[in-house]
Amino acid sequence: MNRQELRTIADQAKTKQAQYKHKVCVCCGAGCISSGSQAVLEKLQEEIKTRGMENEIEVVPSGCMGPCNQGPLVKIQPDQTIYQRVTCENIAQVVQSQLIEKRPIEELLLFADSRPKPFVNAMEDPFYKKQLKIVLENCGDINPEVIEDYIVCDGYKALDKALFQMSPEEVIAEIKQSRLRGRGGAGFPTGIKWETVHKYVADQKYVICNGDEGDPGAFMDRSVLEGNPHRVLEGMAIAGYAVGASKGYAYIRGEYPLAIKRFELAIKQARKLGILGVNILGSPFSFDVEVRIGAGAFVCGEETALVASIEGKRGTPRPRPPFPAESGLWNKPTLINNVETLASIAPIINRGGQWYGEIGTPKSAGTKVLALAGKIKYSGLIEVPMGMTLREIVFDIGGGVPDGKEFKAAQTGGPSGGCIPKEHLDVKVDYESLVSLGSIMGSGGLIIMDETSNMVDVARFFMEFCMDESCGKCVPCRVGTKMLYDLLCKVCNGQGTRKDLDMLEELAIYVKEASLCGLGMSAPNPLVSTLRYFKSEYEQQITKNAAVQGGTHG
Amino acid sequence: MTKKRIATVWLGGCSGCHMSLLDIDERILEVAKLADIVKCPIVDAKEFPEVDVALVEGSVTSDEHWRELEHIRKNSKVLVSLGDCALTTNITGMRNQLAKEDVLNCAYKDAISNDKEGKMPKHWVLLNLLDKVVPLHEVVSVDYVIPGCPPSADTIFYVLFELLNDRVPDLAAERKLKYG
Amino acid sequence: MKKKKLILEAELSKTDPRVKMLMVKIKKENYRPDALIEILHTAQNSFGYLPMNVLRFISKEMKVPPSRIYSTVTFYHFFSLKSKGEHTCLVCTGTACYVKGAQNILDEIEKEFSLKPGQVTADNKFGVQTARCIGACGLAPAVVMDDEVLAKAKAEDIKKIINSRIGAGV
Amino acid sequence: MAKIPVNIDGKSLEVESGKTILEVCKANDIEILTMCHLEGLGDIGACRLCLVEIEGINKLLPACTTKVAPNQVIKTKTEKLKKYQKITTELFFAERNHVCAVCVVNGNCELQDLGYKVGMTRVRFPYLFPKCEVDTSHPWYVMDHNRCILCTRCVRVCGEVEGSYNWGVMKRGVAARIISDFNTPWGESITCTSCSKCVNACPTGAIWPKAVVQGQFKKNPKMITELVEKRKMHL
């Protein structure tokens, strides 16, 4: 298929959509499915059919809409009304009242049970109003299993633009201008990474999409892959064009069967339309993508371990340099980008690097998708401009801590990150500010803890995670994390001494500096940050012990 | 100059370190010029007195050892871990891979030399084994160590002689480190 | 030291449909050793876990050394050398679920069924597992009973569901 | 080969480009501690003993896998590095059951030598005392996991030099163990050629021949290096 035909498809699909009065999206993200949205979807389709409204109302199973806690969610377009906790019994009422009589059902509106006055237009609710959706812009509005739905929303337009109006160097320049940084955690400038891979000469190069979202408490990549897989695919193809790769791998966690299914479907559809494969859209550029299913190893989020895993081996990292950009998959230059990074590419190409670069803060441009969870009223998936304060995110968007409890800390960056105490609620959420507080942006998991959380126990929880996930290759991480975990258990059990605290601090720095890969280097972060902000809790555990010391052995 | 007071103790070990100590041979006279050995497994003294230097052989394997070691620490100016057992638990620590019950059963019930109805020693005056054997420094703070199984007489003499002359022994710098 | 007996399992029958499926996958991947993980996924999907005879079969067919296969299988959480049980209850212990009481659910299950994570009942009817994060943090604590995700799980309800499944004997 | 200038520990040197920092240091008599490195085998940078500081790079890098670059200023003996080497050594000893007194390589052990070199008098960290198996099923050799430090020299020599891939590593983290075939007894291996290369490559008393007693066995890891060199000659 050539580019003209692609436009025809877009036009046809547009005309078809224009004939509908309403589009009703039923959230079929993994969260809402487990709340029963599949049945709601079927019931709705049936209801529309029995009423003979198929030509007026389009029913679409869509990706994640955000407030997962309130699911199953149903969104009515163009009114932008969202109903929460919809059940099969509610369906008839929704159709009758909202779609026919144009009368919103007050008690079913989003956040009806917690806001004094819920909004008919959900986008006016503070939960949405403060967000800025770029990566997630179509997520929740389109059917992720239908490629035409994506094409209608300017899908693959960026690929078309890159292939026919830009040279690879110009694409890279655009990305550099956008100041986009890797969304996987480290925040390395994406444009520079692309440029590095681009400049190496090799007969074969690869693009890898890192969808091994291993952080407990993070589900951003999952939602993007499930809600808009074509956006990621488009990003991969553009990346392939820019760096000169003809083959891509999408490495997706085995724990995300739905994401795998939808991404594989997206590949199939794109191949059929000639958007993947030989001579894409009639251009000289060829590119194909294969899915690799992760088998459950957190360390595979580390790029060299990821490469080993795609090669079918134990996912153990190797020292860098050489970086994968020089010698990666099968020792060929390899570009490895996170799902969210790749999903940000198409809008940047479409609207220009300058536009993107103006969002956010000077050093951290653009938006960040965050997964809000833990002790928070409205948990779910959000996307905000970089530099929004933690307070705005937790209290304005997330609605604060439930049950009248007090906010104690926010954990960012998963097991590689740290805890931010309430004194620093006004920190700007961007790469540098979080690092200065001893945490990291990470992939975007944000877990809120209230006053009942024991911070020593939190540190122990994350250390156990890192110990279990350590690949065992290098000594500091293999033995160091085990020693740290044992010491933390000792402190948690009230048997710790001051000597143990000193040893914790000494070992933490050693593991951080001497470990081979990112897992070990960041494993002590939760411990170090809780020691920094909640040292009194550690000391309490120890003084409790001082009274009984000397008599507990035997 | 008043003479210093030395004690040597033998906890969970095989006495090999003490044998090695005796191997300093005639150099014992040099030690005797500077110090009195006031407590030693082969010196008949009941109570552990206040001393300047305590050489402790063996690891901590029972509650009795634990209490004894705490007492020694309180009454010694300088405490030296003598030999691998004191330092690493060495041979005595090999039981740490097993459950305490299995160890006791092996010794008191299942051993070939036992009659079929082997009995566990259980009396309040008897010592109770710890779940895990631990090196001295996990119980009290230790000032100096002499690794080796056993440490050579030369090394023991070197450390002792330096301490008696109020100098700081440095095994690593003197290339006198030896494990096993 | 006890010697481990080399258990000679029954050779796989080439007519077994599961073996056929595995062969199709191996051929489709062109016997490439780098597809090992994909092939192991296929094998585990059809056999439920990775019995030793299946690993031997893969090693022989793909000409990949046994040590390489075993080291790969044991590296990843996803692969299991033991049967996981006819019914499985997977408790998510990710951060959000942990903060919201996943441990309590595990404790209750252990009390009721005497099973720790990773264990299976003697009759192989039921097994308990944990996952590091299933990405359903908004619904914490989450439990996956067989293939169904149960949101905001409560220990009491979970116990009831498990009992009804085991009792039903399906 | 092109020469490039580097500075190591304050000494200005002209060295061959394309070499690793470890190779350059060896050629210039600058001592670097190693454990997982064995000349002739592929380097993995796992033991972290050969870490060096390089000016302008905020990470410590392993000398065995990092190549020299022009005008690099490298430090190999800073206080920090010495401290970390000591901790690493302590962790080696604390991880498994290294009972030197009853070990066949007592006195001829690379791990003991490492301890002496870093001046380790005691291990400050609690010993883990893991339960480890001793595999005596092979007619000539013994694999004693109590002494294994997971340097994987045996795994690499078996795969890279002998080509039989008998050894592998199973599980991960602190639970990782060296395995023969499908974690089956060594004596029942279908791949092992009993070539003894692993015995000589092993730096500790983890792999040893049956016919020796405590403290009586001396390994010859140089044999591996020479073997690899001879194989390259195609005589």
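These are my notebook entries on a predicted model.

**Entry 1: chain A as a whole**

I began with chain A. I looked up its secondary structure and found 24 helices and 13 strands. Next I asked how its radius of gyration compares with the globule rule for 554 residues. The radius of gyration is 24 Å, and the rule gives 24 Å, so chain A is as compact as a globular protein of that length. I also noted the span of the C-alpha trace. Along the principal axes it is about 80 × 60 × 40 Å.

Then I turned to burial. Of the 554 residues in chain A, 60% count as buried. I checked the contacts too, taking those between residues at least 6 apart in sequence. Of these, 73% join residues at least 24 apart.

**Entry 2: two helices in chain A**

I picked out helix α11 (residues 229-243) and helix α12 (residues 257-272) of chain A. How do their axes cross? They come within 9 Å and cross at roughly 60 degrees. An angle of 65 to 115 degrees would count as roughly perpendicular, and one under 35 as roughly parallel. α11(A) and α12(A) are therefore oblique to each other. I wrote down the hand of the crossing as well: it is right-handed.

Which residues meet here? From α11(A) I listed P229(A), H230(A) and L233(A). From α12(A) I listed R262(A), F263(A), A266(A), I267(A) and A270(A). I sorted this contact by class and got six nonpolar residues, one polar and one charged.

**Entry 3: where chain C touches chain A**

I moved on to chain C. How many of its residues are in contact with chain A? I found 31 residues of chain C in contact with 37 residues of chain A. On the chain C side, α2 (36-47), α4 and α5 (95-99) each supply at least two residues. I sorted that side by class: 20 nonpolar, eight polar and three charged residues.

**Entry 4: one proline in chain C**

Last, I looked up P65(C). It sits in the loop between α3 (52-62) and α4 (66-75) of chain C. Is P65(C) buried or exposed? A residue needs 20 or more C-beta neighbours within 10 Å to be buried. P65(C) has 22 inside 10 Å, so it counts as buried.

What does P65(C) touch, leaving aside its neighbours within four places in sequence? I found contacts with Y165(D) and T191(D). Both partners belong to chain D.

Conventions:
Residues numbered from 1 in each chain as written. Chains lettered and ligands numbered in written order. Predicted model: local features only at pLDDT ≥ 70, side-chain atom pairs only at ≥ 80, totals over all residues. Helix = DSSP H or I, 4+ residues; strand = E, 2+ residues; numbered from the N terminus. Buried ≥ 20, exposed ≤ 12 C-beta atoms within 10 Å, placed from the backbone. Contact = placed C-beta atoms within 7 Å. Axes fitted to C-alpha atoms, helices over the stretch in contact; angles between N-to-C directions. Parallel < 35°, antiparallel > 145°, perpendicular 65-115°, else oblique. Left-handed = near helix turned anticlockwise from the far one by under 90°. Nonpolar A, V, L, I, M, F, W, Y, C, P; charged D, E, K, R; others polar. Rg over C-alpha atoms; globule rule 2.2 N^0.38 Å.
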